[in-house]
Structure formats: structure tokens, C-alpha cells
Amino acid sequence: MKKTALLSLAWLAIASSFSAQAADEIALQRGQSTVTWRYGSSQNFGWEAQVANLGPVKSVYAHVKNIDGQWIDVPLQYHSSSGAGKEIWKGYWFAHGNWDAEYALKYEVNGRTYWDNNQGRNYRQGADTGSLLRDGLNVLNRYEPVVRASWDNQLHGSVTVRNLGPAKNVAVVYSTDGWRTSQVVQAYYNPAYWNSGYSAAPNPNAYGAEEWTYQLPLGEASRLELAVSYTVNGQTFWDNNQGQNYSVRIERESTR
């Protein structure tokens, strides 16, 4: 009996060294669930995860419940660096059908597996509901490190905010010369935001998420840096990429 107990304790110790509930190792930033109706009913899922950079070789997944009830791993890809030794990983999954999402995030590195499963409850999103921000996150910029200059020579961006009150202000402060000078542009609320993706997702939605959009004039800039502020109820929240701001490289059509 004693030997069996010791073996059980040893196995428990080994198992706990390979899998753990994440504290700061991986955290959902934003989940997305939309249904595109342009070419029939197509379920579109998206995830943005922040992970601690614990090693050069790593894998990040969205662990998702399929329409048939089976769980599958959807790989996320490295997207960009964040401050304080963090990285952003993103991924998307498109499937025929229309169903409510249930998922968790999984991070494998250095022989260990870390989970963000919403404290054991998993994350759940209704079909075609738009964005879900993690608890405690009130503003998140939709960021791409490299963009192509648009026909009107502007950077078109969007921000997801938590609807904390009816009167709010969302603004983008940006610089094209390394912060020697800066400009401020107001973002605006776009109730038809998801229509551009042929989705009927509401804005705001049942999770209190709102989508705002902005345009930044580029001039001759080849790179710009930016941060987003969100003011509501007399309080201002910032998304400045964990203190290092967002840096965007602008690609332009070559001329001859």
C-alpha cells in the first residue's frame, strides 16, 4: 500500500511538470466568431493570444470544439512582439456550418504545456457575435506590423473597446518621425462594422464589445508608430503594446 501511494505521488509530480494552468504564460486577448453569408453559411473563428517568450521553439494552439463535438487543435502563428518579453500569436479557422464556439488556448514550450481555459470554464462565444475581449482588457488595437498604403494614402485601422458607458472617446496618437512630432486622430464608432465581412454580427454585442475605426494620413511616411487611448467615465485606458507602442511599416507600389 505504501509503495503504491509513493508511485502515485511520483506520477502526479511528473504529470504536473508537463502541464499547467497558465498564470502569465498565455492569455487570450481577443476571440472572434462571425458567420459569413456571402457564399453560403461559413463559420469564421479568430484568436489573438499573448504568450510569454519562454524559449525559441514553441507552439500555440486554439483548442476548439468542432460542430461534431470533437476537439481539435488549430495552430496559431507568431504575429509580433509585445513589451515585457511577450509575443502576440494569431490564428483563424474557417468551416462550413453555424455553431456556438467553445475553446481554450494551449501553449507548448520547453517540454511543458500551459493552458488558458478561462479558469476551467473554457471560452464560449455565440455564432456570429463578433469580438470577445478577455476579462480586464478594455481596449485592443487591431494591429498589423506591415501594411500596404491604401488608394487614399491612409492607414485604415480598427479598435475593439469594452462598452463601459454611453459617452466615450477613442483616439489614436501617432508619429511618422520617431516621436519628434505627433498627431492625434479621433476614431469613430461604426455600427455596421461587421457588414464589410458579410456578417450580421451586432455592434455592440452581447459581450459588451464595440468596434471603432480610424484613418491615419500617411504623407510620405514609410513607417509610423502609434498608441490608442479610450476615455470613458472620466478614466483613460491605453493600448500602447505593453509600453513599446505599435510600429507599422508602410509598403508602397514601386514606381518606375
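Reply: Searching the whole structure turns up twelve salt bridges, a salt bridge being a side-chain nitrogen of Lys or Arg within 4 Å of a carboxyl oxygen of Asp or Glu. Keep in mind that this is a predicted model, where local features need pLDDT of at least 70 and side-chain atom pairs count only at pLDDT 80 or more, while totals for chains, interfaces and linings use all residues. Residues are numbered from 1 along each chain as its sequence is written, and side-chain values use heavy atoms, with hydrogens and water left out.

Let's start with Arg142, which pairs with Glu211; their closest N and O atoms are 3.0 Å apart. This pair links distant parts of the chain, 69 residues apart: Arg142 is in the loop between strand 11 (139–141) and strand 12 (146–148), and Glu211 is in strand 17 (residues 209–217). Strands here are DSSP runs of E, at least two residues, numbered from the N terminus. Glu211 has 1% relative accessibility, so it counts as buried (under 20% relative accessible area; exposed is over 50%, partly exposed in between, with a 1.4 Å probe and protein chains only).

Next comes Glu251, which forms a salt bridge with Arg148 (3.6 Å, N to O). Arg148 belongs to strand 12 and Glu251 to strand 20 (residues 246–251), so this pair ties together parts 103 residues apart in sequence. Glu251 also meets Arg249 in a salt bridge, at 3.5 Å from N to O. As for accessibility, Glu251 is partly exposed at 28%, Arg148 is partly exposed at 48%, and Arg249 is partly exposed at 36%.

Finally, there's a network of salt bridges linking Glu48, Lys90 and Glu144.

Definitions and conventions: Helix = DSSP H or I, 4+ residues; strand = E, 2+ residues; numbered from the N terminus.
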